[in-house]
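Here is a short briefing on side-chain pairs and helix packing. Look over the sequence and the model before reading the points below.

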Amino acid sequence: MDTEHELKKVELSNGETMAYREAGDISNSRVLVLVHGAMGSSDVFVHLFSQFTDSFRVIAPDLRGHGQTTYVTPQKSPDDTAEDLKLLFDAHGHKKVYLLGWSMGGGVGMKFTANHPE
């Protein structure tokens, strides 16, 4: 397996463990986050990473209860998923990101943006 696409994990402050894949220069301040749809995981985006890494650091998380991300606390609303993303970004020190979501991931991206317009 390509180690650039190796699954990584981070402990979020809400008790969940979020899995994610990343590619590109980690010092790049332009961060593109690829958010998968329902029943998916970060795996669906691996083949696209090389299309974006010239311009972005790319991160593709597994949303709560998908892929290798935990589901310790059941989600009560889409806000929970958006907050998981916020905690991921905070854990990595990202202040601004670009979001690209597919299916349910598009809704998560819109909810995140509505909750965190900055």
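A salt bridge here is a side-chain nitrogen of Lys or Arg within 4 Å of a carboxyl oxygen of Asp or Glu. This is a predicted model: local features need pLDDT of at least 70, side-chain atom pairs count only at pLDDT 80 or more, and totals for chains, interfaces and linings use all residues. Residues are numbered from 1 along each chain as its sequence is written, and side-chain values use heavy atoms, with hydrogens and water left out.

**Terms for position**

- Helices (H or I, at least four residues) and strands (E, at least two) are DSSP runs, numbered from the N terminus.
- Buried means under 20% relative accessible area, exposed over 50%, and partly exposed in between (1.4 Å probe, protein chains only).

**Salt bridges**

- The model has 7 salt bridges by this rule.
- Arg64 and Asp84 join through their side chains in a salt bridge, 2.8 Å from N to O. Arg64 sits in the loop between S4 and H2 and Asp84 in helix H2, so the pair ties together parts 20 residues apart in sequence. Both Arg64 and Asp84 are buried.
- Arg21 and Asp43 form a salt bridge at 2.6 Å, N to O. Arg21 belongs to strand S2 (residues 17-23) and Asp43 to the loop between S3 and H1, so this pair links distant parts of the chain, 22 residues apart. Arg21 is buried at 7% relative accessibility, whereas Asp43 is partly exposed at 45%.
- Asp79 and Lys111 form a salt bridge at 3.5 Å, N to O. The pair links helix H2, which holds Asp79, to helix H3, which holds Lys111, across 32 residues. Asp79 is partly exposed at 28% relative accessible area, and Lys111 is partly exposed at 28%.

**Aromatic pairs**

- Rings of Phe, Tyr and Trp (its six-membered ring) pair if their centres lie within 6.5 Å; planes under 30 degrees apart count as stacked, over 60 as edge-to-face and the rest as tilted.
- There are 2 aromatic pairs in the structure.
- Phe56 and Tyr98 pair edge-to-face, with 5.4 Å centre to centre and 70° between the planes. Phe56 lies in the loop between helix H1 (49-52) and strand S4 (57-61), and Tyr98 in strand S5 (residues 98-101), so the pair ties together parts 42 residues apart in sequence. Phe56 is buried at 12% relative accessible area; Tyr98 is partly exposed at 33%.
- Phe89 and Phe112 also pair edge-to-face, at 5.3 Å centre to centre and 85° between the planes. Phe89 is in helix H2 (residues 78-92) and Phe112 in helix H3 (residues 104-115), 23 residues apart. Both Phe89 and Phe112 are buried.

**Charge over a ring**

- Arg30 lies over the face of Phe56, 4.3 Å from the ring centre. The rule asks for NZ of Lys or CZ of Arg within 6 Å of the ring centre and within 35 degrees of the ring normal.

**Helix H3**

- Gly105, Val108, Gly109 and Phe112 are the buried residues of H3. They cover an arc of only 100° around the axis, which puts them on the same side of H3. The arc is that of the directions from the helix axis to the C-beta atoms.
- Met110 and Ala114 are exposed on the other side of H3.
- Strand S3 (31-35), H2 and S5 are among the elements covering the buried residues of H3. Contact means heavy atoms within 4.5 Å.
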